[in-house]
Protein chains: 2
Amino acid sequence: MQHFAHHSEENYLKTLYKLEVSQVKKVNNIALSKSLDLNPATVLEAVRKLSAKKLVETLPDKTIQLTEKGRKKALSIVRKHRLWEVFLVDKLAFKWNEVHKLAEQLEHIESDDLIKRLDAFLGYPSVDPHGDPIPDENGKLKKTKTQPLTSAPLKKQLTIVALGNSSDEFLRYLDKLCLAIGSNIEVTEIEDFDKSFTVQHKKRLITLSNEAANNLFVNIL
Amino acid sequence: MQHFAHHSEENYLKTLYKLEVSQVKKVNNIALSKSLDLNPATVLEAVRKLSAKKLVETLPDKTIQLTEKGRKKALSIVRKHRLWEVFLVDKLAFKWNEVHKLAEQLEHIESDDLIKRLDAFLGYPSVDPHGDPIPDENGKLKKTKTQPLTSAPLKKQLTIVALGNSSDEFLRYLDKLCLAIGSNIEVTEIEDFDKSFTVQHKKRLITLSNEAANNLFVNIL
DNA sequence: ATTATTTATTTGGCTTACCAAATTTATTGA
DNA sequence: TCAATAAATTTGGTAAGCCAAATAAATAAT
């Protein structure tokens with residue numbers, strides 16, 4: 001018995017979950033095959049096995065979808081993937097755009113204990129370096145209302161989850177301020193005069209123009 | 001093509017290396033099969049493939065051994081295994097005896113860059129939590145002369161690599177002192193009166209009885 | 001409604017990594 | 001030396017995951 005046989009199954013579930021999230025209306029055999037870059041015959045066979053395990057179901061109109069059980073499993077893989085991405089970026093200083101491939105390998109490591117400890121070691125992050133939320137151990141995703149920093153409440157813990165602008169200049173600017181997706185900040189003050197923002201980040205105060213603040217999308221922690 | 005096909009090959013090489021190190025005189029098909037817990041027919045087939053790749057060779061007397069190329073590859077796996085063990089113990093607070101199984105999964109993650117960064121992140125450790133030396137990126141093992149602390153030179157960086165006594169009391173005692181296999185210490189003084197040792201560990205001075213020192217085996221870094 | 005196109009499904013095949021049960025080839029002990 | 005034992009090798013099979021090509025079924029477009 002090969003201990004890595006589950007990689008394949010996990011990849012099907014993860015891909016199905018990704019398609020579900022990305023609003024793709026009807027995930028059929030062809031769509032799934034394309035997404036996985038596999039032959040439809042292969043996918044058909046795999047879907048049958050997953051159905052037998054009650055991880056997916058095929059509706060009368062041939063739509064393939066996750067069952068609750070399957071979704072939970074998918075979310076646990078997503079959780080592992082995103083935690084490893086945080087590890088790679090925060091601890092090993094990878095760039096956020098370099099970590100996906102590696103996390104795809106790491107996400108298949110089997111150990112709940114490991115993930116629990118990794119989570120703690122990383123300080124229980126709520127988003128990965130791309131700004132995507134990390135499901136909790138029960139596969140729950142905290143539902144988040146993403147909003148521009150300009151409309152966020154004062155004195156609340158916020159996490160930067162997306163950028164309204166990804167020009168080189170803006171990225172370099174953020175880099176200089178040591179801000180990035182995943183950074184936790186708190187608005188301490190908004191200047192009446194020019195609506196500029198003062199935010200606290202790791203015991204450090206940063207001033208941001210209203211323009212900059214408007215391009216930082218945040219979630220309330 | 002399955003990206004995890006190499007697990008199998010890596011396991012053969014690693015096992016062969018372990019047998020070589022453990023002084024087993026003649027590694028034949030049977031010995032290797034037993035060590036891997038696989039059927040001899042399976043192993044025979046695998047050894048042929050590895051031979052074709054010039055990773056192992058079978059001598060006229062049927063002894064199976066690593067080629068230089070194979071040994072180098074084996075050492076890179078051992079390096080990964082041991083670095084991950086250090087990570088698990090030092091960073092995720094696993095006990096040294098809990099990490100082997102996990103490291104067996106992690107050692108197959110494919111990325112030289114990852115390992116380079118992990119090594120740096122861990123502070124370039126020279127031994128794993130079991131006291132086994134970590135090969136360098138070129139597959140070289142620093143040849144070490146392990147000796148009791150009592151015969152080690154003063155004012156040299158030392159690494160604890162083994163214990164002369166693994167009684168619960170001794171382990172608890174070391175634990176209290178925050179010493180463990182892998183700890184780096186330096187002898188600052190030996191007391192004339194009772195031959196007790198004063199060692200420095202992470203900017204902290206510790207006094208050890210001669211008895212304790214005699215049960216700590218160290219390598220010079 | 002009928003053809004053209006897309007999807008779904010089947011069929012036959014491949015490779016890797018396994019195994020059990022012969023069979024052949026040493027090796028060894030008496 | 002010769003049978004008994006052990007090791008090596010061969011043979012025939014299994015399961016997982018994959019593919020290409022053929023066929024069937026459904027959908028769309030005229």
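1. Two strands pair if DSSP finds at least two bridges between them. The model is a predicted one.

2. E4 and E5 belong to an open sheet of six strands in chain A, ordered E3-E8-E4-E5-E6-E7, with antiparallel pairing. Strand E3 (147-148) and strand E7 (204-208) of chain A are the edge strands, and each of them pairs on one side only.

3. Chain B has an open sheet of six strands too, in the order E3-E8-E4-E5-E6-E7 and with antiparallel pairing. Here strand E3 (147-148) and strand E7 (204-208) of chain B each have a single partner strand, so one side of each is left without a neighbour in the sheet. Strand E4 (residues 157-163) of chain B is joined to strand E5 (residues 184-190) of chain B by three bridges, and the two run antiparallel. The bridge partner of Gln157(B) in E5(B) is Glu186(B).

4. On the relation of the two protein chains: chain B is superposed on chain A by a rotation of 180° with 0.1 Å of shift along the axis, at an RMSD of 0.1 Å. This is the relation of a two-fold axis.

5. At the interface, 15 residues of chain B are in contact with 15 residues of chain A. On the chain B side, the elements that give two or more residues are helix H5 (100-106) and helix H6 (112-121). H6(B) gives the most, with four residues. By class, this side of chain B has nine nonpolar, three polar and three charged residues. Of the interface residues of chain B, 100% are also interface residues in chain A, so the copies meet through the same surface.

6. Next, the DNA. DNA strand D is surrounded by 17 residues, the closest being Asn39(A), Ala41(A), Asn28(B), Asn29(B) and Ala41(B). Two or more residues each come from helix H1 (6-21) and helix H3 (40-52) of chain A, and from helix H2 (29-36) and helix H3 (40-52) of chain B. H3(A) gives the most to this surface, with four residues. The surface near DNA strand D divides into eight nonpolar, six polar and three charged residues.

7. DNA strand C also has 17 residues around it; the closest are Asn28(A), Asn29(A), Ala41(A), Asn39(B) and Ala41(B). The elements giving two or more residues are helix H2 (29-36) and H3 of chain A, together with helix H1 (6-21) and H3 of chain B. H3(B) gives the most, with four residues. The classes here are eight nonpolar, six polar and three charged.

8. How are H2(B) and H3(B) packed? Their axes are 9 Å apart and the angle is about 110°. Angles of 65 to 115 degrees count as roughly perpendicular, and H2(B) is therefore roughly perpendicular to H3(B). H2(B) makes the contact with Asn29(B), Ile30(B), Leu32(B), Ser33(B) and Leu36(B), while H3(B) uses Pro40(B), Val43(B) and Leu44(B). The contact residues divide into six nonpolar, two polar and no charged. Asn29(B), listed in this contact, is also one of the closest residues to DNA strand D.

Definitions and conventions. Residues numbered from 1 in each chain as written. Chains lettered and ligands numbered in written order. Predicted model: local features only at pLDDT ≥ 70, side-chain atom pairs only at ≥ 80, totals over all residues. Near = placed C-beta within 6 Å. Nonpolar A, V, L, I, M, F, W, Y, C, P; charged D, E, K, R; others polar. Contact = placed C-beta atoms within 7 Å. Axes fitted to C-alpha atoms, helices over the stretch in contact; angles between N-to-C directions. Parallel < 35°, antiparallel > 145°, perpendicular 65-115°, else oblique. Least-squares fit on C-alpha atoms with pLDDT ≥ 70 in both.
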